[in-house]
Amino acid sequence: MKKIRRFIGRFVEGMLTISGMVTTVTILLIVIFLFKEGAGIFKSPVIEDGYHLYVNAENPVKSISSYDIKQIFDVEIDNWKELNGINEEIMVFRFDDIFNLYAEEEFGENYKLLPQKLAEVIQNNKNIVAYLPKQYAPKNMVGVKEIETKNISFFDFFGGKEWMPTSKPAAQFGVLPLILGTILVSLVAILIALPLGLGVAIYLSELANEKIRHYLKFTIELLAGIPSVVYGFFGLVVLVPIVQRVFHLDVGETAFTGSLLLAIMALPTIITVSEDAMKNTPKALREGSLALGATKWQTIYRVVIPSSISGISAAVVLGIGRAIGETMAVLMVTGNAAIMPPTLFQPVRTIPATIAAELGEAPAGGTHYQALFLLGCILFLITMVISITAELISKKPQNSGL
Amino acid sequence: MKSNCNNIELILHHQKKNQTKKHKKMKKLLLIATLILSFQIFATAQVLKGSDTMLPLSQKLAEQYMKANKGKTVTVNGGGSGVGIAALVDNTTDIAMASRRIKFAEKQKMQETGRTSKEVIVAYDALAVVVNPANQVTNLTREQLEGIFTGKITNWKQVGGADLKIIVYSRETSSGTYEFFKESVLKNKNYMNGIMSMPATGAIIQSISQTKGAIGYVGLAYLNSSVKAIHVSYDKGKTYVAPSVANAKNKTYPIVRPLFYYYDIKLEKKVKPYIDYVLSSEGQAIVSKVGYIPVK
């Protein structure tokens, strides 16, 4: 009997050690995987993999930046002059256009004559820019010049202001609007939720009677159990029209709507965690304060809050964490427009919403896929900074405020 | 890591030993049963993979097909047109569903593996441009639509409506609907920067119904009375056509795309019964019921 009991004890101990180690290793592996996949983007060319841009050999333009390529194919830039070239209108040529010029049979067996035909088109049009797959590209042919393209740079990614991951030929991966959008929405959410949450927590722990406390706590905990997509739907159908009407906006899907919804979602966490911290204030402190003649209110903000500050900061961090990482609800109410948010009442696009909406169809291993992973890394770094800050705050000696 | 694995194996071993013989026997029986079952499924099963637009349609078709032919199994998976065709190239699906025509590069990849794909059009899907019911604008030309969706036209008064800012809604970039609309209406130009993108068609309808200046596009099957469908002209304003099944069928409505099945020619025998069923009058009746336009 004793032996078995000892064996079970050992066994449980072993299991706990293993599970601890496995968890740590898994987390590390996830982080490594995230960064490994994400870093790949800086080795990807600006133009879609397997494709190149070609121009007529007489064209003086040597290289075109990623943004200019996009502008050319959107016909925003329509003259070579704007790229320091000749004064001539730009003719945009996509690979599929060749099939409108020639019949399928003219390309010969296995498309052997295709490069030659493409070369002919480029030779005959001085003002052409052609977007062609390398495989059929007219390489080393007279009168054809390949445009030099660089890899996606650090600046393109972090300084770019346009997020158009499926734009062809040059996808735009500017994450600045996404980062700003995420931070704006979460920050405002926490600004709304913190005073509200703290107020409710103070009421619950210090002022409410037992019965009210019981029912309120039950309701608040219920709030934490609602799936985020339900919140999202509630936001879209109820909050969006309200925000639109109250602020007389053209459109109700704004950063503010997202913040409002996130604040509601973060409330249960903030309330329960900070209320627990306040409840745990030593009785001696509280009674000492009252005994010295302090009023109830003075006791609360001079004794209870300072002594539970570490718990409150933990609540704030958990709340921010929830707000920054929240996906579905935000996806449904912020409008997801990837623009720099000029005011709070404009649509924004957040990082989690972008990942959730796009990862499903991004070809595995491609540039878009890597860009989404790098977004994941950014999100990870943001939350890490917040956690570290919280750690520093809560390390402050317990009674420093007294 | 390795020692961890060993430990786990040891634990598993212990647990196994503790099991009674009866349990073991049961387990064996169960295993054999599932093996036999799965073999049977593999013998006749067909796998469909691809476009999410076609998912509800194919699911309904497969359901009815399996009801009519006992013992045959058809599994339908989503993932997107690109995913479906990639799976066909890798030979992990029998039929690829695609809401766009196979790309030249994909065709080439298929040929490199020594196989050829065959294309079957199973249905058509029309896209309707919708606005808020309160909007007075009913007719728009393709050029006007291009202007609106690329951000050149920003106020409804520029196209004959009230003085109201245009709010443009679009699907997510990954959607096949997004690509098709871009090809057909925007002539391959990019959407405006900062377009509102919604995760699902239902969300687009909801948003448009509660935003006065909104415009967006949805599949014909999703049209309802909470939004107003725009009559579209592709001939610079000579004729405006309302989106409807009848107009899509007689080819007067311009924003229509075919929905495809692709399969390996060598596997024709295996997939033929199902495809025949889809193209039969019974199958095409299901196509119209789900809200798409039948081929015939």
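How many salt bridges does the rule find across the interface of chain A and chain B? In this predicted model, the count across that interface comes to two. One of them pairs A:E76 with B:K152, whose side chains meet with N and O 2.9 Å apart.

On the chain A side, at least two residues each come from helix 1 (2–39), helix 2 (66–73), helix 8 (228–246), helix 13 (328–333) and helix 14 (351–358). Helix 1 of chain A gives the largest share of that side, with six residues. Sorted by class, the residues of chain A that touch chain B are 27 nonpolar, seven polar and 12 charged.

Now for the extent of the interface. Contact involves 46 residues of chain A and 40 residues of chain B. Between them, the two chains bury an area of about 3,400 Å². Carbon and sulfur atoms account for 53% of that buried area.

The rule turns up one cavity of 30 Å³ or more. The largest cavity has a volume of about 200 Å³, and 22 residues line it. Nearest its centre lie A:W163, A:M164, B:T173, B:Y178 and B:I195, so named from both chain A and chain B. Strand 5 (163–164) of chain A and strand 6 (167–171) of chain B each supply at least two residues of this lining. As for its make-up, the lining of the largest cavity has nine nonpolar, nine polar and four charged residues.The second largest pocket, in turn, has a volume of about 340 Å³. Of the 18 residues that line this pocket, A:Q346, A:P347, B:K165, B:I167 and B:G194 are the closest to its centre. Its lining splits into 11 nonpolar, five polar and two charged residues.

Back to charge pairs, this time in the whole structure. Over all chains, the search finds 22 salt bridges. Within chain A, A:K126 forms a salt bridge with A:E58, and their closest N and O atoms are 3.9 Å apart. A:K126 sits in the loop between helix 4 (114–124) and strand 3 (128–133) of chain A, while A:E58 sits in the loop between strand 1 (51–56) and helix 2 of chain A, so the pair ties together parts that are 68 residues apart in sequence.

Methods: Residues numbered from 1 in each chain as written. Chains lettered and ligands numbered in written order. Predicted model: local features only at pLDDT ≥ 70, side-chain atom pairs only at ≥ 80, totals over all residues. Heavy atoms only, no water. Contact = heavy atoms within 4.5 Å. Buried area = accessible area lost by both parts, 1.4 Å probe. Salt bridge = Lys/Arg side-chain N within 4 Å of Asp/Glu carboxyl O. Helix = DSSP H or I, 4+ residues; strand = E, 2+ residues; numbered from the N terminus. Nonpolar A, V, L, I, M, F, W, Y, C, P; charged D, E, K, R; others polar. 1 Å grid on protein atoms, 1.4 Å probe; cavity = no way out; pocket = protein on both sides within 12 Å on 5 of 7 lines; lining within 4 Å. Points joined across faces, edges and corners; volume = space filled by probe spheres on them.
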